[in-house]
Amino acid sequence: MFTAECDLCPTLRAVRRELEVRGVVPIVSTEKGKGLCAGKAKSWEMDDRSAKEWRSAITSCEACPLLTQCRAETDSAVARGDGPRRMIAAGNAYDNLGALVDQDRLELYEALTRASRARSTSRVAA
Ligand code: SF4
């Protein structure tokens, strides 16, 4: 049902979200007071996604109204040892050990992790 707060039908919102995930349209905020990633966590995960999609999430973080706060919280989490893993957070990419991935080398990191995952998958199948 449409209300003053909801001017898009659910189907249109789902289509928009899918286009955002695919990087076809920019990611926009749908919830007031929340980050651009709210409700779209899949777009900030690194598994099964390309460096191009990671860059799209990073670009969205850079436009996020909560970036400063998010960066402080992420830095605190990293300092405690429970920071993000294999995801984009606060405009940075974090590997599976929680270390920063050099943004100039995202494509190289993608190629290396894809190759190592392919090797481990083939070992399990053998
Ligand atoms: S800056 Fe933080 S809250 Fe904003 S989109 Fe990025 S991860 Fe989400």
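1. Strands β1 and β2 (residues 92-94) run antiparallel and are joined by three bridges. Strands here are DSSP runs of E with at least two residues, helices are runs of H or I with at least four, and both are numbered from the N terminus.

2. The open sheet has three strands in the order β1-β2-β3, with antiparallel pairing; two strands pair if DSSP finds at least two bridges between them. β1 (87-89) and β3 (100-101) are the edge strands, each with a single partner strand, so one side of each has no neighbour in the sheet.

3. A word on the model: it's predicted, so local features need pLDDT of at least 70 and side-chain atom pairs pLDDT 80 or more, while totals for chains, interfaces and linings use all residues. Numbering runs from 1 along each chain as its sequence is written, and side-chain values use heavy atoms, without hydrogens and water.

4. Confidence (pLDDT, the predictor's per-residue score from 0 to 100) averages 86 over the chain, with 90% of residues at 70 or more.

5. Ala93 touches Met46, Met87, Ile88, Ala99, Leu100, Val101 and Leu106, leaving out residues up to four places away in sequence. Contact means heavy atoms within 4.5 Å.

6. Around the ligand sit Gly35, Leu36, Cys37, Trp44, Cys61, Cys64, Leu67, Cys70, Ala89 and Ala90, counted when a heavy atom lies within 4 Å.
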